[in-house]
Structure formats: structure tokens, C-alpha cells
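Q: Please take a close look at one helix pair in this model and at the aromatic rings. How do the helices cross, and how are the rings arranged?

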Amino acid sequence: VFFDIAEDYTGYAIPNLTAVMIDHFWRCVSLHIEGYGDDIEEIVSSRIMTDKAWLLHRLSIHNISCSLPSACDSEAEILDTFLSVLAPQLISLHLEGCAFNWDIVCTRLAPHTPLLSLLRIHTFHIQLAASVAQLLAVLESLPCLKDLQLQNSFVSSKTDWNARPHKVLLSQLSSLVFESSTIAGAMFLAALELPSLAKLEATIDVGQLSTDIGQFMEGVQLATCRMAHLPYLYIYYGHRLLILHSNHYHRFPILQVTFKNWALCDPAVSDTRFTDLIKGIADAAVLWKMQDLKVSLPISIEQHLAPDAWAYFLCCLKMISLISFGTHAPVFLIRTLFLDAFRSNEGIQVQPQLLPLLKQITMPSIPELKVLIDILADARSQPVEVVCKMILDWIADPVVHSIPGDPVWFVDDESTDSDEADEINELLDGIDDD
């Protein structure tokens with residue numbers, strides 16, 4: 001049964017629906033109700049309720065009311081009763097904008113739904129979100145979950161800070177998609193054991209100069225430690241979003257992290273977020289065999305990197321054989337490769353040359369940039385006896401000195417114009433839809 005009561009303007013929809021469901025709810029296999037909170041409350045509190053729903057496989061309730069319910073406790077009590085129905089065949093539960101007691105899922109729903117494998121919860125208001133500890137208790141009571149999607153459904157609380165959550169094993173979970181703050185996401189991932197994970201997508205609201213990026217990336221490392229190795233990674237910044245993703249032609253496994261509200265900072269302000277991110281990526285074992293790297297980063301992001309950050313990144317990810325540059329070529333990454341090549345040729349480098357398997361660098365069709373990369377290719381393969389002074393000046397300070405013959409190519413901007421690949425546009429569309 002699929003019923004959208006928000007589209008009914010006759011006033012007969014709810015009475016008709018409840019009249020039909022009173023006699024037939026017990027044999028309902030799939031039930032989807034979408035509408036405003038008061039209408040949904042009237043339906044689920046009517047006499048359609050029974051103690052048992054033996055055939056119910058899929059239950060979906062969408063409350064499209066964006067305002068916080070005035071009688072939140074009353075609505076939650078009604079939905080709690082609805083979630084207490086015995087539904088031993090239930091495999092899919094989707095709650096959007098609904099007020100309910102999270103503990104009810106553990107105590108009443110979980111014991112009677114042993115087959116529940118898909119759980120999707122979208123919360124509109126922070127007052128209705130679970131704490132990390134509450135969420136972990138719910139997940140621990142649902143060991144057969146395979147697909148979990150959580151949008152603004154949990155927050156970090158004082159209880160989470162004071163208590164050290166124990167590990168929760170979800171042995172069958174293959175897909176995890178969630179949206180949260182940095183610290184809540186870090187706590188959540190650190191508490192999970194996911195041996196079957198094949199897809200991790202996280203959207204993280206960074207906020208004002210969040211200092212928890214490193215902690216969050218540690219959570220990513222733990223969550224993906226048993227995931228199959230990823231061959232590809234794209235790091236991109238635009239529209240106040242910093243995105244890293246491995247969704248190469250929609251093949252599994254998939255890792256995608258989107259940091260929202262990543263504002264550009266004054267260069268004079270200390271900002272370690274990007275350094276923590278780059279080093280966190282390098283420490284993720286799931287990427288250690290990566291062969292294909294694509295990067296599009298403006299100077300305003302890169303210039304906050306610690307001097308050794310790219311070198312650490314490239315040293316850990318030594319299997320890279322192809323590097324591609326997007327609209328904004330990463331000047332400090334190029335500079336790191338230049339310095340490494342020159343030191344190797346001059347015999348002053350203790351460590352082996354970075355990226356020994358690197359075979360190709362692809363880039364936008366910019367002649368000046370091509371010249372720079374050609375010089376880099378020569379420098380990596382053989383001593384370069386004559387290097388023009390402008391190149392040396394650029395290596396010394398990429399922010400002050402632009403590349404040879406091009407005073408504007410690396411000038412940073414926040415414009416919406418972009419010639420990035422269609423894959424990035426798809427990512428942005430998906431985030432807008434959320």
C-alpha cells in the first residue's frame with residue numbers, strides 16, 4: 001500500500017484509508033505513508049493497529065512537516081506503539097521526519113524483527129536525534145543489518161564524551177551512508193567493526209575551523225580497514241565542499257567523504273584541517289595500493305598544508321602510476337615532486353624517489369602548465385643542467401611566483417565556473433538533493 005496523503009485535497013483520504021486498513025492491515029506486505037505529521041498521527045493511532053503483522057516486509061513513514069512537532073512526546077508515543085507491532089518478516093524500515101523513542105527500537109522492535117536488513121532514518125531536527133551511544137545500542141540490537149542510511153540522525157552528547165563506547169560488530173553490513181558533524185562521525189566510526197563493508201559515504205559538516213578532521217579520518221581508517229583496496233581517488237574542492245571519493249565508474253568498493261562548509265581561511269590564520277586530512281588519507285590502508293590519483297585544489301586550500309604533508313602522502317601511496325589534474329592544478333603537490341626530483345639528481349636525498357611507479361601526469365590543455373610538467377618529467381628521469389630562474393623562483397614560493405609565462409593560471413577564485421568532469425557535477429547534484 002502506497003499512500004501520499006499530502007496530495008489529497010478532498011478530506012476523504014484518511015477516513016477511506018483507515019477504513020480499508022482496519023480489515024486488511026494484517027495481510028499488508030508493504031506499507032508507505034507520506035504526509036503531514038498530524039495526518040500520519042491520526043492514521044497510525046487508529047484502529048488499523050493490531051498486535052501482529054505477520055506478512056509485513058517493508059514499512060516506510062515520511063513526515064513532510066519541517067517544523068518541530070508541538071506535541072512531540074505524543075507523536076513519539078503513538079509511533080512507538082506502531083513500532084511495537086510484531087512483524088517477524090520485516091526486512092526494510094524507513095522513517096523520515098518522525099518523532100520516536102530510540103530505545104523502543106532496542107526493546108520492542110528489534111526482538112521481533114530478526115530479518116531487518118535495511119534501516120534508513122532521516123531526522124529534520126536535532127532535538128529528535130539520538131546520541132552516539134543510543135545509536136550504537138540500536139545497531140547492536142540489529143545484527144543482520146546490511147544497508148544503513150542515517151541523515152542528521154545522531155549527535156555527540158555529554159554522555160558520549162564521558163563514556164567510552166564498546167565496539168559494535170555488524171558482520172553483514174555492506175553499505176553505510178550517513179551525515180553528521182565531524183566529532184559525532186568520528187565517535188560513530190571508531191565504535192564500529194565492519195568486516196563486510198563495501199561502501200562508505202559520509203557527509204560531514206565541518207563548521208567553524210573544526211579541529212576534529214584527524215580524529216574523523218582515524219574513524220574512516222578503522223571502518224575501512226577490511227575493505228578491498230581502492231584503485232582510484234579524486235580530491236576536489238569547490239563551492240565550499242571538499243570531496244574525496246573513489247567512486248570510479250560506480251564500481252565497488254566505494255569510499256566517498258564530503259566535507260560541507262569548508263570555508264577558505266585567511267592565510268595568516270593557523271588552519272591544520274587540510275594537513276590532517278591529507279595525512280589521514282595517506283594512513284588509510286584501503287588506499288595503499290591506489291594507482292590512479294586525481295586532484296583539483298586551489299592555492300587557498302593547499303597553502304595551509306604543512307611543508308612535509310604532500311611528501312608524507314606520496315611516500316605512503318607509493319603505488320600511484322597516474323596523476324590527473326582538474327581545473328585547479330595542485331601547485332604544492334607539483335612543487336613537492338620537483339624538489340624530490342632535484343634532490344635525487346643531486347644526490348642529497350636520503351629517502352628513495354617519491355612515486356617510483358609514476359608513468360603519466362595528465363592535465364588541462366594549458367600550454368604553460370604542460371611546459372612545467374615536461375620539465376618535471378625530465379627532472380625525474382635525468383639531471384637537468386639548466387633550469388630557468390623563474391622555475392627556481394616558483395619552487396621557492398608558488399604563492400608569490402606563478403608558473404613561467406602565465407601570471408594568472410594559479411590565481412585562486414571561488415567562482416562557480418568549472419570544467420570539471422561530469423562525475424563532480426553528479427556529486428554536487430546528489431548533495432543538493434540531500
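A: The crossing of α4 and α5 is left-handed, meaning that the near helix is turned anticlockwise from the far one by less than a right angle. The model is predicted, so local features need pLDDT of at least 70 and side-chain atom pairs pLDDT 80 or more, while totals for chains, interfaces and linings use all residues. Residues are numbered from 1 along each chain as its sequence is written, and side-chain values use heavy atoms, without hydrogens or water.

Helix α4 covers residues 102-109 and helix α5 residues 132-140; their axes come within 9 Å and cross at roughly 20 degrees. That makes α4 roughly parallel to α5 (angles under 35 degrees). Axes are lines fitted to C-alpha atoms over the stretch in contact, with angles from 0 to 180 degrees between N-to-C directions. Helices are DSSP runs of H or I with at least four residues, strands runs of E with at least two.

W102, D103, V105 and C106 in α4 meet Q134, L135, A137 and V138 in α5, where contact means heavy atoms within 4.5 Å. These residues divide into six nonpolar, one polar and one charged (nonpolar: Ala, Val, Leu, Ile, Met, Phe, Trp, Tyr, Cys and Pro; charged: Asp, Glu, Lys and Arg; polar: the others, Gly among them).

W102 is buried, with a relative accessible area of 4% (buried is under 20%, with a 1.4 Å probe and protein chains only). The structure holds 10 aromatic pairs, counted when ring centres of Phe, Tyr or Trp (its six-membered ring) lie within 6.5 Å. F100 and W102 form a tilted one, 5.0 Å centre to centre with 40 degrees between the planes (stacked is under 30 degrees, edge-to-face over 60, tilted the rest).

Note on methods: Parallel < 35°, antiparallel > 145°, perpendicular 65-115°, else oblique. Buried < 20%, exposed > 50% of the residue type's maximum accessible area, 1.4 Å probe, protein only.
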